[in-house]
Amino acid sequence: MSLSAVLVGLTSTEVAERMAAGQVNDLPDPRSRSLPDIIRANTLTWFNALVGSMWVIMLVVAPIQDSLFGFVIVANTAIGIIQEYRASRTLARLSVIGEAKPQVLRDGKPIEVSPRQVVLDDVLLLMPGDQLVVDGEVIGADGLEIDESLLTGEADPVVKTAGDLAMSGSFVVAGSGAYRATRVGKDSFAASLTEQARKFQQTNSELRRAVNTFIRMVSFLLVPVGLLLMYSQFVRADLPFDVAVRGTIAGMVTMVPEGLVLLTSIAMAVAVVRLAKQRVLVQDLPAVEVLARVDTICVDKTGTLTEPGMRVRAVVPLTSQDPAGALGALAAADPASSPTMQALAARFADPGWRVGATVPFSSARKWSAADLEQPGVAAQNRVTTWVLGAPEVLMPDQPPAAVAELAQTGARVLLLARAQGACGSAVGPDAERGPGDLEPSAVIAIDQQLRSDAAETVAYFGEQQVRVVVISGDSADTVGAIATQAGVPGADQPVDARNLPEEPQDLAAVMTQTSVFGRVTPAQKQAMVDALHLRSCTVAMTGDGVNDVLALKAADLGIAMGSGADATRAVAQLVLLDNRWSVMPKVVAEGRRVLGNIERVSDVFLTKSCYAIIISSVTAIFAMAFPFLPRHLSLISGLTIGIPAFFLALMPNTERFRPGFFRRVLLFAVPAGIIAAASALSSYSFALSLDESIAQAQSAATVTLFIVATAVLTQAARPLNLLRVGIVALMVLAFIAVLTIPWLSSFFALSLPATGASGAALTIGLIGAGAVVVASMITDRWRRHEQVMMD
């Protein structure tokens with residue numbers, strides 16, 4: 001009899017009373033932020049405070065044209081808020097679809113509710129794969145085993161009986177049971193244990209770390225260079241105060257890569273929305289980037305390479321007794337109703353036998369047992385203890401001959417055997433001691449259909465040099481047969497995980513040489529992921545069962561199927577809501593788009609910071625008037641960085657990820673920044689040597705810097721296509737319009753003299769542009785050499 005038939009839960013009235021009293025499991029979603037939080041996070045930043053204060057000063061001491069940078073900051077902040085809020089709402093909608101739905105007893109009936117609808121004293125039913133959403137006291141158990149490793153670090157499942165404590169955040173690995181909620185919401189164990197960790201965090205990833213490193217580097221230089229520049233302009237150059245302030249702020253603002261963090265966040269947010277359209281729930285933003293860096297993807301066979309459903313193909317009797325009755329009774333007796341048992345139940349009718357003691361199935365044991373009483377049979381033969389499980393585990397020394405033959409066809413093979421004693425007896429099956437001595441009765445073959453898109457997806461990963469490793473609890477022969485159908489390299493040499501070494505380094509050596517493993521326990525799956533990490537692999541793990549939870553948690557990226565166990569979906573960073581592994585190439589492409597495009601825009605942003613630091617430092621050292629007005633640098637930044645970078649960050653990009661993001665960007669930005677600064681200062685100095693006014697010399701420097709910055713943009717946008725060339729061309733046409741349309745020239749204070757200074761500005765700019773191209777060719781050659789050495 002099921003627990004729901006003998007237990008009584010709360011009534012609707014009692015539930016309403018507890019909700020009114022606030023005794024409800026209402027916890028904020030740790031993966032999202034409210035609109036006020038998003039506004040604060042995008043507005044109250046150190047750079048916004050710095051640039052905002054300079055904007056206010058500039059509004060007081062200079063024309064509005066020199067304050068354009070402030071309006072750009074406002075626009076950037078608004079765009080960031082809108083994009084993040086949009087992504088947050090998308091995640092919220094998908095989270096409702098993908099969240100766990102615990103079963104509670106209300107008015108005597110089991111119903112599914114949202115975790116936030118669980119109230120104090122609710123009775124919750126537990127099945128394998130369920131994650132506990134509140135703390136409580138166990139009030140009924142049938143072989144209930146709960147894994148608390150995510151909370152305590154203890155690897156072994158804990159057997160629970162009536163009266164034991166059940167903690168939120170743990171999950172059921174075997175048996176069934178029920179517990180009464182005693183602590184909900186913020187009072188629960190998991191909530192108090194991880195209160196700080198559950199708060200929303202900005203992306204913690206290699207990309208974010210690299211960007212933050214750039215920011216810190218600039219921050220260290222910003223204030224001292226700014227103070228030195230102000231001293232030089234006002235004291236040493238003896239310029240008027242307002243002119244000195246304008247020059248100082250122009251230099252400092254240009255040093256700030258203010259749009260880089262914004263574009264990184266926007267690219268991530270847009271990726272979340274795009275993946276949502278593919279029915280992929282991103283539960284952790286770094287997942288978008290991490291998948292682009294993955295070089296090894298571990299997959300569970302069942303539910304990933306194969307379709308979710310199963311069917312019985314054949315039954316091979318090993319005795320004269322018909323096994324149909326025992327199989328039908330065992331399937332009916334399993335409260336968890338796993339896919340295997342569902343296949344048996346569909347083939348064999350329930351004979352109505354009474355169920356006694358049981359040993360529930362667990363992925364670690366790979367077998368289950370039950371005492372079955374057959375009515376109408378002589379007393380001495382009435383109760384029989386049947387065991388059903390993996391043949392290699394139940395009879396490791398000499399499994400029946402039919403087992404290997406059926407396994408090699410890709411079928412899941414089970415052995416039905418008769419035990420020598422009752423469950424829990426000295427000679428019968430026991431969860432701790434094992435199944436005991438057995439008499440084989442039948443071999444059952446269960447078919448699993450390979451997904452129609454599995455081979456195509458495996459081939460895609462092969463083309464992208466991502467290694468696919470199949471890890472399954474089924475027999476090695478079964479896994480090897482399915483993996484062969486899917487085209488997994490090395491599938492013809494599957495390995496039985498029972499023979500794997502336990503030493504991590506030895507296991508890592510096997511993992512690098514073998515791609516298909518069978519009879520893997522949940523603890524071994526985690527150990528395999530850890531072993532791959534020892535070989536510096538970036539590992540993604542896909543799975544749908546409770547036996548995959550520990551491995552998903554250990555992997556760099558956990559990917560769960562939408563139909564998988566509650567615990568599996570809870571620990572995964574990505575959830576494939578439609579259970580389509582074929583969507584993975586699109587997810588990989590999205591990650592590569594983010595990484596590749598952010599590297600492009602980082603090239604131009606860091607080049608700007610580099611040339612701004614050099615120009616400001618040189619100006620301060622030689623105590624000359626700053627070579628640009630703030631509006632000049634706003635124009636150059638807008639046309640060579642801000643506008644094109646926004647489009648570049650969102651364009652398709654299928655380039656394969658290469659390690660060394662931080663080093664590559666600096667390798668590009670530092671030489672390009674030096675060339676840009678040297679060209680602009682040369683043009684400015686040459687114009688002054690011709691006795692041109694400071695305003696005309698500033699115009700000459702602006703033209704030169706724009707030409708070089710456009711070359712930097714063109715190099716960063718490679719490989720060029722029609723769209724990217726079109727964007728660069730539009731920026732050039734916009735700058736020409738500023739130079740030639742009188743009111744725009746006046747607005748931006750650009751007036752080229754009709755002397756040699758104009759020709760020199762163009763010539764120096766073109767020479768600088770050529771130098772940028774040459775420098776890019778040299779750094780490209782160095783990058784290719786480095787990549788060959790790494791490969």
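What share of the accessible surface of the chain belongs to carbon and sulfur atoms?

1. Surface. The share is 59%. The accessible surface of the chain comes to about 32,300 Å² in total. Keep in mind that this is a predicted model.

2. Overall build. The chain holds 30 helices and 21 strands. Its C-alpha atoms fill a box of roughly 120 × 60 × 40 Å, taken along the principal axes.

3. The chain has 791 residues, and 56% of them count as buried.

4. Charges. There are 61 positive side chains and 71 negative ones. The centres of the two sets lie 7 Å apart.

5. One residue in place. Look for Q448 in the structure. Q448 sits in strand β15, which covers residues 438–450. Is Q448 buried or exposed? Its relative accessible area is 7%. The cut-off for buried is under 20%, so Q448 is buried.

6. Polar partners of Q448. The side chain of Q448 makes a polar contact of 3.0 Å with the side chain of K301. A polar contact of 3.5 Å links the side chains of Q448 and D474.

7. Neighbours of Q448. Leave out residues up to four places away in sequence. Q448 then touches K301, T302, T306, M310, G410, R412, D474, T478 and I482. Among them are K301 and D474, the polar partners from the point above.

Definitions and conventions
Residues are numbered from 1 along each chain as its sequence is written. This is a predicted model: local features need pLDDT of at least 70, side-chain atom pairs count only at pLDDT 80 or more; totals for chains, interfaces and linings use all residues. Side-chain values use heavy atoms; hydrogens and water are left out. Helices (H or I, at least four residues) and strands (E, at least two) are DSSP runs, numbered from the N terminus. Buried means under 20% relative accessible area, exposed over 50%, partly exposed in between (1.4 Å probe, protein chains only). Accessible areas come from the Shrake-Rupley method with a 1.4 Å probe; for residues, only the protein chains shown count as cover. Lys and Arg count as positive and Asp and Glu as negative; His and the chain ends are not counted. The place of a charge is taken as NZ of Lys, CZ of Arg, CG of Asp or CD of Glu. A polar contact is a pair of N or O atoms within 3.5 Å; within protein, one must be able to donate a hydrogen and the other to accept it, and residues adjacent in sequence count only if both atoms are side-chain atoms. Contact means heavy atoms within 4.5 Å.
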